[in-house]
Amino acid sequence: MNRREALAATARVLGGSIVGAQIFLSACKTPEKKQAPFSADDIAFLDAVGEVIIPTTTDSPGAKAARIGDFMRVMVTDCYSDAEHKIFVDGMATLKERSRKQYDKDFVNLSGAEQHTLLSAVNKEAKDYASNKREADPEHYFTLIKQLTTWGYFTSEPGATKALNYLPVPGRFEGCVPYTEGEKAWAL
Amino acid sequence: MQKDSSSVNVNAAGVAKNTYDAIVIGSGISGGWAAKELCEQGLKTLVLERGRNVEHLKDYPTATTAPWEFEHRGRMPRKFLEENPLISKAAGFGEESAHFFIKDKDHPYVQEKPFDWIRGYQVGGKSLTWGRATQRWSNFEFTAPDRFGYGLDWPIRYNDVAPWYSHVEKFIGICGNKDGIEAMPDGEFLPPFEFNCVESHLQKKIKEHYKDRHLVHARWAHLTQPTELHLKQGRGKCQARNMCMRGCPYGGYFSSVSSTLPWAHKTGNLTVRPFSVVHSIIYDEQKGKATGVRIIDANTHEATEYFARVIFVNASALNSTLVLLNSKSNRFPNGFGNDSGVLGKYVAFHLYRGSVSASIEGFEDRYTYGRNPTEPILANYRNLHKQDTDYVGGFTTFVGAYRPRGAEDASETELGAPFKSALSKPGGWRTYMYMQGETIPKASNHVRLSDTEKDQWGIPLLVTSVGYDDNDEKMIKDFLTQSSEMLAKAGCLDISPYDTHQAPGLDIHEMGGARMGRDPKTSILNGWNQVHDCKNVFVTDGACMTSTGNQSPSILYMALTARAASHAVEEMKRKNL
């Protein structure tokens with residue numbers, strides 16, 4: 001994207017605002033309770049959730065191979081506002097608890113089908129919440145998880161180079177080339 | 001301890017050691033050109049740069065960094081954003097380019113009205129991160145303020161700069177197509193970047209519906225087919241990576257760092273002094289001219305003076321104005337060359353608030369190869385021969401189409417393999433248009449020195465008092481209406497006009513402050529960019545602009561600089577300087 005296009009496109013053309021990007025415009029400066037750092041269990045949990053959102057398929061590894069849990073930890077810790085951080089952390093607890101209530105098992109120990117069923121339900125709730133919420137209302141925690149998963153995965157080495165077509169140095173530009181349905185998109 | 005910058009004692013030997021033929025203040029896009037031209041003419045030239053040194057290749061730490069190698073994948077961490085709310089807004093600013101921008105707290109200024117002053121303090125200045133669009137001004141723009149009564153007449157016309165445009169274009173390398181459009185004159189072009197299929201479609205449709213609107217190939221500072229002259233600079237072909245703002249390892253786009261400064265260095269006549277914050281220009285009343293420049297070392301805070309026969313001021317529009325305002329003497333108590341009182345006034349900028357985005361169906365069997373670092377241009381079609389709107393001035397429209405990844409609503413519909421698959425494929429095409437509009441210079445839109453606050457080098461802070469006016473609002477409205485209509489006629493859908501309401505300055509096209517003009521009573525500089533009342537000082541960056549036109553201004557600064565440097569050398573030969 002060009003320097004100028006970036007102005008025109010940010011937060012509008014490319015699918016809504018990215019959580020955390022507008023932190024400096026936030027009026028809320030009240031310091032919230034400091035969140036505990038992510039544990040190894042948290043990372044493993046997020047890897048498992050990420051893998052359901054973007055699974056390993058025949059042609060490319062999934063989100064776990066992209067170390068998505070660790071990516072989420074870095075982004076939530078370094079880039080999220082305190083309020084967003086809290087939504088994320090509370091969301092993890094909610095999701096873990098829901099797994100135990102519904103299946104009497106930790107999320108990471110559910111079968112693939114169970115994980116998918118559970119997250120599909122949460123995904124639907126997040127979608128419904130998003131379509132009814134007012135602009136100033138906070139995002140649903142699963143929206144944050146999903147956004148970080150897709151962003152982190154497709155900018156990771158396995159995501160960019162295996163799921164997409166990564167071309168660091170094209171060497172030339174051709175404006176109009178044939179595209180056959182099914183071919184991978186460019187990573188950049 | 002901060003030293004008193006007004007007390008500098010230099011002995012005769014020190015003066016000789018610190019004496020050059022020419023001093024250039026600033027190493028950005030125009031300062032680099034001043035250095036190149038003056039050095040080539042055999043002048044021992046000192047370039048003063050307030051920031052650190054940046055060398056081509058060596059100082060591009062992110063030039064080949066993969067996306068996953070950035071800790072935050074390009075995003076700046078929250079702490080940085082909180083500490084740097086201003087600079088973080090700059091287009092293209094991120095983890096890959098942050099090292100080429102200032103940090104807010106190091107360089108405060110006073111915003112009397114909201115004004116985002118975007119700066120890059122290093123050798124090369126903002127030429128490392130510039131937008132690279134390089135259309136020529138047309139005679140319409142040089143004459144419009146006078147013809148339509150909204151500003152001072154320029155002391156020069158298109159014909160005065162046309163040969164210098166050619167001179168600059170051949171050296172820096174401009175891609176483009178000769179389109180024969182009066183509102184955007186042709187130049188010396190390398191082959192253009194191709195349109196993609198949707199851009200070709202837009203061009204055809206706009207041509208069908210509007211006989212006076214021309215969507216043409218980008219004119220951009222990229223080497224699509226380097227000439228011998230470019231290869232001699234050590235630069236090569238643009239590789240279509242579109243990662244320009246990191247610094248280009250191929251020298252594919254022009255910057256001072258990749259081109260003019262190394263070229264000047266090869267003459268043996270160039271000295272660059274980084275970390276040199278210019279305090280003021282020294283005026284000698286007996287001689288009736290400027291004799292040198294006083295600097296404060298950015299690190300030691302020590303004051304030093306350098307001397308030369310000619311001084312080029314290329315510190316960027318507002319910083320050049322600041323230097324002049326702070327150069328006070330018995331002769332010039334209100335700032336250098338400011339008998340007229342217009343120094344710091346008539347600051348203007350480019351109107352960037354309006355954009356329109358849309359989707360377009362079809363073309364699904366077409367894609368692109370490589371990443372186009374340029375954008376097609378719809379030449380200005382407003383207020384050319386006559387005023388045909390309820391406002392004055394015109395606008396250039398940048399246009400583009402692209403095919404983003406993923407089905408539009410994939411992110412909201414599902415999870416798992418189908419979701420992954422949808423996001424791994426190209427989605428539908430999207431298009432956009434955004435404006436670069438002329439604004440009217442006004443005395444009330446001004447900058448001045450703070451009476452009370454100083455920076456860490458003891459230099460008064462700049463106060464910015466620059467805002468929008470009714471003319472701007474009318475132009476934005478017209479742009480949004482016209483652009484939406486063109487996209488509709490081209491068959492686009494979901495057409496969304498948008499006004500960012502961003503503060504002036506974020507366009508990074510601030511201009512004026514020391515405007516050119518024929519009359520010393522109403523302007524600071526003459527038609528050769530010389531200070532009317534002190535001819536051995538030249539100001540050839542954005543500060544000199546009498547009006548803003550609607551074309552991207554950087555290449556005009558370069559052309560004016562080369563023209564002024566040539567004039568300076570001739571005048572020195574004639575013993576007039």
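Me: What makes β6(B) and β7(B) a hairpin?

Reply: In this predicted model, 4 residues lie between β6(B) and β7(B), and G288(B) in the turn has a positive phi of about 70°. Strands are DSSP runs of E with at least two residues, and helices are runs of H or I with at least four, both numbered from the N terminus. Residues are numbered from 1 along each chain as its sequence is written, while chains are lettered from A and ligands numbered from 1 in the order in which they are written. Local features need pLDDT of at least 70 and side-chain atom pairs count only at pLDDT 80 or more, whereas totals for chains, interfaces and linings use all residues.

Me: How do you know that β6(B) and β7(B) pair?

Reply: Two strands pair if DSSP finds at least two bridges between them, and β6(B) is joined to β7(B), residues 289-297, by 8 bridges in the antiparallel sense, so the two count as paired. Within this pair V278(B) stands opposite I295(B).

Me: Why are β4 and β17 of chain B said to stand at the edges?

Reply: The open sheet has 6 strands in the order β4-β12-β13-β14-β10-β17 (chain B), paired antiparallel. β4 (215-216) and β17 (493-499) of chain B each have a single partner strand, so one side of each is left without a neighbour in the sheet.

Me: What makes helix α6 of chain B a helix that packs on the sheet?

Reply: Contact requires C-beta atoms, placed from the backbone, within 7 Å, and α6(B), residues 197-209, touches β4, β10, β13 and β14 of chain B. Its direction makes about 135° with that of β13(B), where axes are lines fitted to C-alpha atoms, for helices over the stretch in contact, and angles run from 0 to 180 degrees between N-to-C directions.

Me: How do you know which element gives the largest share of the side of chain B that touches chain A?

Reply: The contact takes 56 residues from chain B and 57 residues from chain A. On the side of chain B, β11(B) gives the largest share, 4 residues.

Methods: Two residues are in contact if their C-beta atoms, placed from the backbone, lie within 7 Å.
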